[in-house]
Amino acid sequence: MTNILAVVDAGEFSTQAVLAAEALRKAAGQRGLQLAAEVRMEQGVLNPLDLAAMPADAPVLLVGGGALEEERFAGRRLVKASVEEVLADADAVLARVAEGTAATAGLESGGRQRRIVAITSCPTGIAHTFMAAEGLQQGAQALGHDIRVETQGSVGARDTLTDEEIRAADLVLIAADTQVDLSRFAGKKVFLSGTKPAIKNGRALIDKAFTEASVQGGASAAAGADDRPKRTERTGPYKHLMTGVSFMLPFVVAGGLMIAVAFALGGIYAFEESNEGTLAYSLFQIGANAAFVLMIPALAGYIAFSVADRPGIAPGMIGGLVAANLGAGFLGGIAAGFIAGYGVAFLNRVIKLPRTLEGLKPVLILPTLGTLLTGLLMIYVVGTPVAAVLSALTTWLQSMQGSSAILLGLLIGAMMSFDMGGPVNKAAYAFATGLIASQIYTPMAAAMVAGMTPPLGLALACRLFASRFTKDEREAGNAAAVLGLAFVTEGAIPFAARDPLRVIPALVAGSALAGAISMGFAAELKVPHGGVFVLPIPNAVTHLGGYLLALVVGTAVTALMLRLLLRPIAR
């Protein structure tokens, strides 16, 4: 007895229609069901349904968007699916039919337990990545759903999702502030968000995702933007820039450490040819002439990747190297990344090829034309003016002394603590990190000391002024101290969330002062992450005494400001 009726129409792609029908028959057989499939092609109709001979209560699965003649099935329950969904997971489509869940109504969060797979990621891959994962896990638990979260942090992916888990999932939720490769999720319901909604209210985000998720296209990375789920959060240049910074960061850290160790072993002249063959000389070559050479291409390449997916990587990296060779530095790398990304995205939209030749776009046409466009624009139009701007900026920063340096330190410090890992914080951090390529290290020192101050100041205040904090906050103060020492400014977020109008001004005051003192001493930091744990490395930081003074004073001022601004907690 026939249990399910199906009509498949893939338009001109008749092979896909036949494959989809066969996949449905096989999946139905594994479920102990009988499925009658009508395949509609340009050449005619294969296996037309004889509705008079079919059970009147058999549901109808409509696959594709062609002329399915839905009016034939009046009075029957209809379920719709795309050809891509069927080819990706025919059993999951049949499960929707069997359970009476119509795709036209979208996913729902109520009723039975659902399976969710998620990915979280932030630019630095430290705090927000794992806070978002925790928020999603708590939200799924509250809703009674099963969830697996893959965290793409600074040390790579953890708890990596398996192919079986992805196939079985009802929803894919991406909570990320950087670009995440979606090719694994072809045919699945995917919802894109930033990390902030997951941290703030994971339950509400999951509810929204079930309602608004859309099917991820099954084409190659060169598929048009229309085939991808749309992010409901505001996106744009900031997200693309942060993606580039997150991929550039390991090159800067590794290169900075190699150079610092080289100077520690061989002195400040370790790079001279007279020292060739020594360990110090070799370490300097690794750091300065390998890691630092790659940082600008990595920045540009992954900005382009964020905009245009994988076809943008090669044009972006090549454009970044051209920018570095022209002396345009990190500003040129940013320009090259956006030119390559938006250029490749535009070419992808306007170049139309037959289906049989579509595979040439991501590996031949887009990289070649994108590289040509980016390289020529960098050489003849953008590179020279940007190099002049960077040179003027470098000269200005190197000549900074006295009040002007202190003013810059105040600004960087205030930005680092204003939103504790948010857009303002990341803008200051990206500015300081990018200048390392131009051998300007004082802004990096100011940024890191100002980023350590908020959680350290809160931890100190919890100890000295316990009456201003709840029991949970006093216990969290110990963790905040460790996070502060490791340069994880996000450790201050739980405290600021309770009383932002009083806590944030206190944090800004302490961090601004710490940044100003660091700039006043002209402290330089060659390693852009690690907090106090990189300070013992010889030559990683200059004027170490003044730098530590900036950290102590900023921490103390933060704690005192919290004492003045916060009210005692009623016991």
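The side chain of Arg40 makes a polar contact with the side chain of Glu38, at 2.8 Å; a polar contact is a pair of N or O atoms within 3.5 Å, where within protein one must be able to donate a hydrogen and the other to accept it, and residues adjacent in sequence count only if both atoms are side-chain atoms. The model is predicted, so local features need pLDDT of at least 70 and side-chain atom pairs count only at pLDDT 80 or more, while totals for chains, interfaces and linings use all residues. Residues are numbered from 1 along each chain as its sequence is written, and side-chain values use heavy atoms, with hydrogens and water left out.

**Whole chain**

- The protein chain has 19 helices and 11 strands; these are DSSP runs numbered from the N terminus, with helices being H or I of at least four residues and strands E of at least two.
- Of its 571 residues, 52% count as buried. Buried means under 20% relative accessible area, exposed over 50%, and partly exposed in between, with a 1.4 Å probe and protein chains only.
- Among contacts in the protein chain with a separation of 6 or more, 70% are between residues 24 or more positions apart; contact means heavy atoms within 4.5 Å.

**Arg40**

- Arg40, the partner of Glu38 in the polar contact, is found in strand 2, residues 35–41.
- Arg40 counts as buried because its relative accessibility is 13%.

- Helix 10 covers residues 313–325, and its 13 residues reach 18 Å from first C-alpha to last, close to the 18 Å expected at 1.5 Å a residue. The expected span is 1.5 Å times one less than the number of residues.
- Buried residues of helix 10 are Ile313, Pro315, Gly316, Gly319, Gly320, Val322 and Ala323.
- After helix 10 comes Gly327, with a positive phi near 80°.
- Two packed helices are described by the angle between their axes and the distance between the axes.
- Helix 9 (residues 279–308) packs with helix 10 at an angle of about 145°, and their axes are 7 Å apart. Axes are lines fitted to C-alpha atoms, for helices over the stretch in contact, and angles run from 0 to 180 degrees between N-to-C directions.
- The crossing of helix 9 past helix 10 is right-handed: a crossing is right-handed if the near helix is turned clockwise from the far one by less than a right angle, and left-handed if anticlockwise.
- On the helix 9 side, the meeting residues are Val293, Ile296, Pro297, Ala298, Ala300, Gly301, Tyr302, Ala304 and Phe305; on the helix 10 side they are Ile313, Gly316, Met317, Gly320, Leu321 and Ala324.
- By class, this contact has 12 nonpolar, three polar and no charged residues. Ala, Val, Leu, Ile, Met, Phe, Trp, Tyr, Cys and Pro count as nonpolar, Asp, Glu, Lys and Arg as charged, and the others, Gly among them, as polar.

**Residues that link separate parts of the chain**

- Ile296 lies in helix 9 and counts as buried, at 4% relative accessibility.
- Leaving aside neighbours within four places in sequence, Ile296 is in contact with Gly320, Ala324, Gly329, Phe330, Gly333 and Ala437.
- Ile296 and Met248 are 48 residues apart along the chain, and their C-alpha atoms are separated by 7.4 Å.
- Gly332, in helix 11 (residues 329–350), counts as buried at 0% relative accessibility.
- Not counting residues up to four places away in sequence, Gly332 touches Ala323, Met378 and Val386.
- From Gly332 to Gly319 is 13 residues in sequence and 8.7 Å in space, C-alpha to C-alpha.
- Leu364 is found in helix 12 (residues 360–398) and counts as partly exposed, at 46% relative accessibility.
- Leu364 and Pro311 are 53 residues apart in sequence, with a C-alpha to C-alpha distance of 9.0 Å.

- Most residues other than glycine have a negative phi.
- Asn47 has a positive phi, near 55°, and sits in the loop between strand 3 (44–46) and strand 4 (60–64).
- With a relative accessibility of 42%, Asn47 counts as partly exposed.
- Ala522 counts as partly exposed because its relative accessibility is 36%.
- The 21 residues of helix 18 should span 30 Å at 1.5 Å a residue, and its end C-alpha atoms are 29 Å apart, which agrees.
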